[in-house]
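Good morning, everyone, and thank you for coming.

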Amino acid sequence: MTSAEEPPCYDLVADCRLRAATDLFAHTWDPVVLAALRAGPRRRRTLRVSIGGISDKVLTETLHRLLGNGLVERRAYAEAPPRVEYALTALGESLMDGPMLALGNWVLEHGEALLEAQEAAAGNAAAASDA
């Protein structure tokens, strides 16, 4: 960790809670699904349509991962036909209202510079491979 007030990591930094937290952003679709659920509970089909560009298989994997991390809950209703909705848990809402909000604000302020740096790096890599 970074300050004297914070609890120490385990023997290896790779075992630190920080790694567990950053793993939440390691999968491309996790933050996207969380952002889509911020508007409130959604049925699977509605969720998939609102996201766009995500396959059913990837949505299933993402929901399972988010359920396993305690960020999303699955609510099944005893109706005919059966209805299932997914929603953020309190933990998921805290992630959205804290780090995800901070990241969103950072992207609004620095997103253009980030994209320019990525484009420049891609251009440099292309020029080096042509040489």
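Which residue forms a salt bridge with Asp97? Keeping in mind that this is a predicted model, the partner is Arg38, and the closest N and O atoms of the two are 2.7 Å apart.

The structure holds seven salt bridges, so let me turn to some others. Asp56 and Arg44 meet through their side chains at 2.9 Å, N to O; Asp56 is in helix α4 and Arg44 in helix α3, so this pair ties together parts that are twelve residues apart in sequence. Within helix α4, Glu61 and Lys57 are separated by about one helical turn, because they are four residues apart, and their side chains form a salt bridge of 3.4 Å, N to O. Here Lys57 is exposed, with a relative accessible area of 58%, whereas Glu61 is partly exposed, at 38%. There is also a network of salt bridges that links Glu79, Arg83 and Glu85.

Now to the strands: β2 and β3 run antiparallel and are joined by six bridges, and they form a hairpin with five residues between them. Within this pairing, Ala76 has Val84 in β3 as its bridge partner.

Finally, please look at the surface, where Phe25, Leu103, Trp106, Val107 and Leu114 form a nonpolar patch with about 420 Å² of accessible area together. Val107, which is placed in helix α5, counts as partly exposed at 41% relative accessibility.

Methods
Residues numbered from 1 in each chain as written. Predicted model: local features only at pLDDT ≥ 70, side-chain atom pairs only at ≥ 80, totals over all residues. Heavy atoms only, no water. Patch = residues over 30% accessible without salt bridge, like charges linked within 9 Å, V, L, I, M, F, W, Y side chains within 5 Å. Areas by Shrake-Rupley, 256 points an atom, 1.4 Å probe, with all protein chains shown as cover. Salt bridge = Lys/Arg side-chain N within 4 Å of Asp/Glu carboxyl O. Helix = DSSP H or I, 4+ residues; strand = E, 2+ residues; numbered from the N terminus. Buried < 20%, exposed > 50% of the residue type's maximum accessible area, 1.4 Å probe, protein only. Pairing = 2+ DSSP bridges.
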